[in-house]
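Please read the following briefing alongside the sequence and the coordinates. The points are grouped by topic.

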Amino acid sequence: MTIYTPDWVKHSVFYQIFPDRFAQNQLPRPSVISHPKWEDWHKPPTLQGYKGGNLWGVIEHLDYLQDLGINAIYFTPIFQSASNHRYHTHDYYQVDPILGGNPALRELIDAAHSRHIKIVLDGVFNHASRGFFFFNDILENGPHSPWLDWFKVENWPLSAYDGSQPANYVGWMNNRALPEFNHEHPDVREYIMAIAEYWINFGIDGWRLDVPFEIETPGFWQEFRSRVKAGNPEAYIVGEVWTDARQWLDGSQFDGVMNYLFTGPTIAFTAQSRVRRELVEAPSYYPYPPLSAAEYSSKIQELLALYPWEIQLTQLNLLNSHDVARLITIVQEDQASVKLATLLLLTFPGAPSIYYGDEVGLPGEFDPDCRRGFPPQEQWDLDLLEYHKNLITLRHKYPALRIGTYQVLFAQDLVYSFARILTTNSPEGQEELIITVNSSLESATINIPVPQLTTKPERVVYGNCTARWLNLEGENHLELILPPRSGCILANR
């Protein structure tokens, strides 16, 4: 079958926002809470506490995001919920009033779209919450509830709160706070499809799907795609799948997944032995043990061979998220590791995603620590912020970094080099860039034969490497000298 994915995603740089922690509004805004009891924004977060961030605050920071180079935002859940992370959905048709309600989302979408920034929401469709009206009806009325078959009730009585008693219904990961939907029920299926359509028609630009691999009902995600794309053919559908996702990336379901298969090897190569193993052994993306350039090259080429190219261009690539410790903390505050990994992120096929605060050096261990409040400006790492801006600018400037082919040129010891090549109709011919990373503590001098390039990229557009072109026995060779723990980008225009 012909695979079609949204073109805008291929040219996007995403910014992931955890709404309770990114920004509070400074301007007067409508609110249902006039005397809020928020946790101190600047103190470490707790599992259940609220910091009071909202969508009004995001609107007030759109200029900041636009200046950074962001043109798409992925929000973790924003619907009404009794949790700060809002993965416990109470009402799928209401934006949480603490975040500003539906009016705030309306204004946010309009303001973002006026800046050509797309908005993607988190869809939690595998499970709801104990406070979800239909499940609450079962708690109140037992086997007499008209919504009984919407969930997976196993026995009576249900125990939604008393952990000393069996829950007697299926909860996600055995969590009684998250009752799982019965997706085999046609009414449940229609309910979820209607939610997806409603918010697409409201104006959002796509869905990120929470644990979609848990929904195994035949044809479910095919129907989801069909109905979402009917509302907006350019809507983005991206699944949270941490491993091999070929089952969902056949062109009939998702446009991409959160690409942890890129995350792990990239951290392992750039950080080497600096990775704090206790912060990465529980998640399943394995950014350890240290990888040589050849081992990293092998994993990257395996990844690029896994899915069709059209899918590769709309993967959501990331270095960390709300589910894992932050990269700066994983690598023991080693800024070089963060910079090298970010360089590889922003030059890889697919849409890069930056987790809020990463660009200014926000640290954090496991949840809830990885969900800290966005720091005040006096605490920003301005060098890291400028670094992100410069690389994002280069990605926007050179189409080859977004949709060009990816060809490994050199992978020895701890030096890795590849080309991004885009054939154009321009009189200037192909756009060609060479990206090289030296993860070693020593400077490196390498000699790369590059017969696949039609030009000699010699303009250093990033980094302070020394480049010289040689002709050896009629073949072009690039000699590069790179400082320790550094990277560079050469371009032919």
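In this predicted model, the exposed residues E302 and A305 lie on the face of helix α10 that is turned away from its buried side. The buried residues of α10 are A293, Y296, S297, I300, L303 and L304, and they cover an arc of only 130° around the axis, which puts them on the same side of α10. An α-helix has 3.6 residues a turn, so residues three or four places apart point the same way.

**Helices α10 and α13**

- Helix α10 comprises residues 293-306, and its 14 residues should span 20 Å at 1.5 Å a residue, which agrees with the 20 Å between its end C-alpha atoms.
- The packing partners of the buried residues of α10 are the helices α9 (260-271), α11 (309-312) and α13, together with the strands β11 (405-412) and β12 (415-422).
- Helix α13, one of these partners, spans residues 335-345 and is mostly covered, with nine of its eleven residues buried.
- The buried residues of α13 are S337, V338, K339, L340, A341, T342, L343, L344 and L345.

**The eight-stranded sheet**

- Eight strands form an open sheet with parallel pairing, in the order β8-β7-β6-β5-β2-β1-β10-β9.
- The edges of this sheet are taken by β8 (256-257) and β9 (316-318), each of which has a single partner strand, so one side of each is left without a neighbour in the sheet.
- Within the sheet, β1 (residues 14-17) pairs with β10 (residues 351-355) in the parallel sense over three bridges, and the bridge partner of Q16 in β10 is Y355.

- H88 is located in the loop between β3 (79-81) and β4 (89-95), and because its relative accessible area is 16%, against a cut-off of under 20%, H88 counts as buried.
- When residues up to four places away in sequence are not counted, H88 touches Q80, S81, A82, S83, A128, S129, A177 and L178.
- F132 is 44 residues from H88 along the chain, while the C-alpha atoms of the two residues are separated by 8.4 Å.

**Domains and their interface**

- The domain assignment gives domain 1 as 5-125 + 180-396 and domain 2 as 403-489, and the centres of these two domains, taken over C-alpha atoms, are separated by 31 Å.
- At the interface, 29 residues of domain 1 are in contact with 26 residues of domain 2.
- Between them, domain 1 and domain 2 bury about 2000 Å², of which 72% is on carbon and sulfur atoms.

Conventions. Residues are numbered from 1 along each chain as its sequence is written. This is a predicted model: local features need pLDDT of at least 70, side-chain atom pairs count only at pLDDT 80 or more; totals for chains, interfaces and linings use all residues. Side-chain values use heavy atoms; hydrogens and water are left out. Two strands pair if DSSP finds at least two bridges between them. Helices (H or I, at least four residues) and strands (E, at least two) are DSSP runs, numbered from the N terminus. Buried means under 20% relative accessible area, exposed over 50%, partly exposed in between (1.4 Å probe, protein chains only). The expected span of a helix is 1.5 Å times one less than its number of residues. The arc is that of the directions from the helix axis to the C-beta atoms. Contact means heavy atoms within 4.5 Å. Domain bounds come from an automatic or database domain assignment. Buried area is the accessible area (1.4 Å probe) that two parts lose on being put together, summed over both.
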